[in-house]
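The following note sets out numbered remarks for a colleague who has the model at hand. Please read each point alongside the display below.

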Amino acid sequence: MRYEQVQKGRFIDRPNRFIAHVERTDGEVETVHVKNTGRCRELLVPGAVVYLSESANLTRKTRFDLIAVEKKTETGSRLINMDAQAPNRLFAEWAQAGRFREGLTSLRPETAYGNSRFDFYWERSPERGFVEVKGVTLEEDGLALFPDAPTERGVKHLRELIACREAGYQAAVCFVLQMAGMRRFAPNDRTHPAFGAALREAARAGVEILALECAVTPEEVHITGAVPVDLREKEAVR
């Protein structure tokens, strides 16, 4: 997926989950929409280089979306896509290209099942199944981690995927790592142990656990392939 009219700036502050103040390269301070309502405290630090995409909607209160940030590392910086809408779009592109299951006859977003609503429902005769997609922006020295904050909703999704497997459907949770260069993915047990426990339970129940990393530039992001998933029942070894 691509972004149009991308500009560079420096992060100043974030008054609330939805907006931030950014100094553009021309020195003008702009109030921008943050396309990720997560905490992202390790990313949105004063002075961080960020990238903005200009909206074509002239009636919006904010002219720009904050879509990516450069995170400082020991060897330089890592560009991380922060668009919370990107993971579902990226998974759809990846699956439609035949990289999830060859020969899909249907891939339908936002599909209800019982009291649940999953990101995708798919069919490939005689198989059918559900996929829940999670975006990942937290990393530590090449280890991608989810979640970055407690998520009871995430635990609920995993329980519902287990129920789908028990009902005879295929089921998968796909973690889209919105960055490149990851060694592996692991549940963030320090932040939310219950999520890690639920993810391991889901894996034992036959739910497929995928972690897909991306190539990221300010203007474009796309899935490049899978990274190993580490489900050892302890805090992941760095």
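**Remarks on the predicted model**

1. Helix α1 spans residues 86–96, and its buried residues are Ala 86, Pro 87, Leu 90, Phe 91, Ala 92, Trp 94 and Ala 95. Buried denotes under 20% relative accessible area, exposed over 50%, and partly exposed in between, with a 1.4 Å probe and protein chains only. After α1 comes Gly 98, which has a positive phi near 85°. Helices (H or I, at least four residues) and strands (E, at least two) are DSSP runs, numbered from the N terminus.

2. On the basis of the values: this is a predicted model, in which local features need pLDDT of at least 70 and side-chain atom pairs count only at pLDDT 80 or more, while totals for chains, interfaces and linings use all residues. Residues are numbered from 1 along each chain as its sequence is written, and side-chain values use heavy atoms, with hydrogens and water left out.

3. UniProt, in an unreviewed entry, assigns "domain: SfsA N-terminal OB" to residues 12–73. That span is 0% helix and 48% strand, with its end C-alpha atoms 20 Å apart. The annotation "domain: Sugar fermentation stimulation protein C-terminal", also from an unreviewed UniProt entry, covers residues 85–220. Here the content is 28% helix and 40% strand, and the end C-alpha atoms lie 14 Å apart. UniProt positions are in the numbering used here, feature names are shortened, and annotations may be inferred rather than shown by experiment.

4. An open sheet of six strands runs in the order β7-β8-β9-β12-β14-β15, with mixed pairing. Because β7 (106–113) and β15 (221–226) are at the edges and each has a single partner strand, one side of each has no neighbour in the sheet. From one strand to the next, the twist averages 35°; axes are lines fitted to C-alpha atoms, for helices over the stretch in contact, and angles run from 0 to 180 degrees between N-to-C directions.

5. Strand β14 (residues 208–216) pairs with β15 in the antiparallel sense over five bridges; two strands pair if DSSP finds at least two bridges between them. Val 216 stands opposite Val 221 in β15.

6. Helix α2 (residues 152–166) lies across β7, β8 (116–124), β9 (127–136) and β12 (170–177), and runs at about 145° to β12.

7. Ile 19 belongs to strand β2 (residues 19–24). Its relative accessibility is 24%, so Ile 19 counts as partly exposed. Beyond neighbours within four places in sequence, Ile 19 is in contact (heavy atoms within 4.5 Å) with Arg 14, Thr 31, Val 32 and Val 34.
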